There are 2 protein chains.
Amino acid sequence: MSVAVVNFAEKFAKIDKLHAYKLVARMNDYDFKLVRMRREFIWHSHPETDEVFMVIDGELQIDLPDEMLCLRKGEMVVIPKGTDHKPSCREECRILLIEPAGTLNTGNVGGALTDTAIEWI
Amino acid sequence: MSVAVVNFAEKFAKIDKLHAYKLVARMNDYDFKLVRMRREFIWHSHPETDEVFMVIDGELQIDLPDEMLCLRKGEMVVIPKGTDHKPSCREECRILLIEPAGTLNTGNVGGALTDTAIEWI
């Protein structure tokens with residue numbers, strides 16, 4: 001048996017593309033995914049699940065229907081299931097996402113920004 | 001609706017005792033708990049669930065049956081369900097634990113070190 005320690009900085013160094021979600025760990029049926037982000041994403045929700053955003057580096061804005069969150073390095077938030085949200089950042093932000101395996105980045109909306117080619121790194 | 005951003009440093013500043021697990025977030029039925037640790041813990045396992053350790057500050061050693069892990073700030077590991085493990089640290093280490101609500105810190109062993117008085121901060 002070998003249990004792998006995940007070093008976030010080392011994993012991010014292996015990600016050469018923005019907006020490509022990469023799997024780094026699985027706990028039961030939950031995925032831990034890293035993404036380098038620099039864009040205004042779309043409004044969407046996840047009707048079946050809460051979703052965790054944790055900022056590893058940079059700043060992430062998350063618009064909600066009636067407030068705007070700003071997360072910095074060392075901060076996390078749980079977006080409740082069914083809650084419309086729009087993540088965005090002007091400068092690159094490095095994020096850890098935690099959510100059930102199979103959760104789509106575009107949630108209930110789908111479309112061209114949906115990433116279905118998530119790989120382990 | 002208000003969604004709370006969790007700042008780990010600010011939360012740790014509110015924890016005045018070592019080894020007192022504090023809830024900071026819940027995602028579906030999973031708890032996010034912070035703990036300030038400085039001890040050699042006991043060997044135990046969680047027969048029903050994987051468990052995530054993430055080091056927010058310091059260094060954490062986790063002994064497994066046939067290897068020894070060392071986690072530093074910015075690192076995490078998933079301990080597979082049913083795997084015996086013994087976390088320990090000589091200097092204070094600040095840890096984020098992620099596991100299903102109700103998971104006991106002492107797992108299948110129980111005993112005097114079991115913390116059943118976990119509070120939200």
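Student: In which sense do strand 7 of chain A and strand 1 of chain B pair?

Tutor: This is a predicted model, and in it strand 7 of chain A, residues 75–79, is joined to strand 1 of chain B over 2 bridges. Within this pairing, A:M76 stands opposite B:V6 of strand 1 of chain B. The sense in which the two strands pair is antiparallel.

Student: Which element gives the largest share of the side of chain B that touches chain A?

Tutor: The contact takes 28 residues from chain B and 28 residues from chain A. On the side of chain B, the elements that give two or more residues are strand 1 (6–7), helix 1 (8–13), strand 2 (22–27), strand 6 (67–72) and strand 7 (75–79) of chain B. The largest share, 5 residues, comes from strand 7 of chain B.

Student: How many residues of the side of chain B that touches chain A are nonpolar?

Tutor: Sorted by class, the side of chain B that touches chain A has 5 polar and 5 charged residues. Its nonpolar residues number 18.

Student: Which strands stand at the edges of the open sheet of 7 strands?

Tutor: The order in this sheet is 1(A)-7(B)-4(B)-9(B)-3(B)-2(B)-10(B), and the pairing is mixed. Each edge strand has a single partner strand, so one side of each is left without a neighbour in the sheet. The edges are strand 1 (6–7) of chain A and strand 10 (119–120) of chain B.

Student: Which residue of strand 7 of chain B stands opposite B:V55?

Tutor: Strand 4 of chain B, residues 51–57, runs antiparallel to strand 7 of chain B, and 5 bridges join them. The residue of strand 7 of chain B that stands opposite B:V55 is B:E75.

Student: Why is strand 3 of chain A largely enclosed by the rest of the structure?

Tutor: Strand 3 of chain A pairs with strand 2 of chain A (residues 22–27) in the antiparallel sense over 5 bridges, and 8 bridges join it to strand 9 of chain A (residues 93–100), also antiparallel. In the latter pairing, A:L34 stands opposite A:L96. Strand 3 of chain A, residues 30–37, is largely enclosed because its buried residues are 6 of the 8.

Student: Which residue in the hairpin of strand 2 and strand 3 of chain A takes a positive phi?

Tutor: The bridge partner of A:M27 in strand 3 of chain A is A:Y30, and the hairpin has 2 residues between the strands. The residue with a positive phi, near 55°, is A:N28.

Student: What is the radius of gyration of chain A?

Tutor: Chain A has 1 helix and 10 strands, in the run β-α-β-β-β-β-β-β-β-β-β from the N terminus on. The globule rule gives 14 Å for 121 residues, and the value for chain A is close to that, so chain A is as compact as a globular protein of that length. The radius of gyration of chain A is 14 Å.

Methods. Residues are numbered from 1 along each chain as its sequence is written. Chains are lettered from A and ligands numbered from 1 in the order in which they are written. This is a predicted model: local features need pLDDT of at least 70, side-chain atom pairs count only at pLDDT 80 or more; totals for chains, interfaces and linings use all residues. Two residues are in contact if their C-beta atoms, placed from the backbone, lie within 7 Å. Helices (H or I, at least four residues) and strands (E, at least two) are DSSP runs, numbered from the N terminus. Ala, Val, Leu, Ile, Met, Phe, Trp, Tyr, Cys and Pro count as nonpolar, Asp, Glu, Lys and Arg as charged, and the others, Gly among them, as polar. Two strands pair if DSSP finds at least two bridges between them. A residue is buried if 20 or more other C-beta atoms lie within 10 Å of its own, exposed if 12 or fewer, and partly exposed in between; C-beta atoms are placed from the backbone. The radius of gyration is taken over C-alpha atoms; the globule rule is 2.2 Å times the number of residues to the power 0.38.
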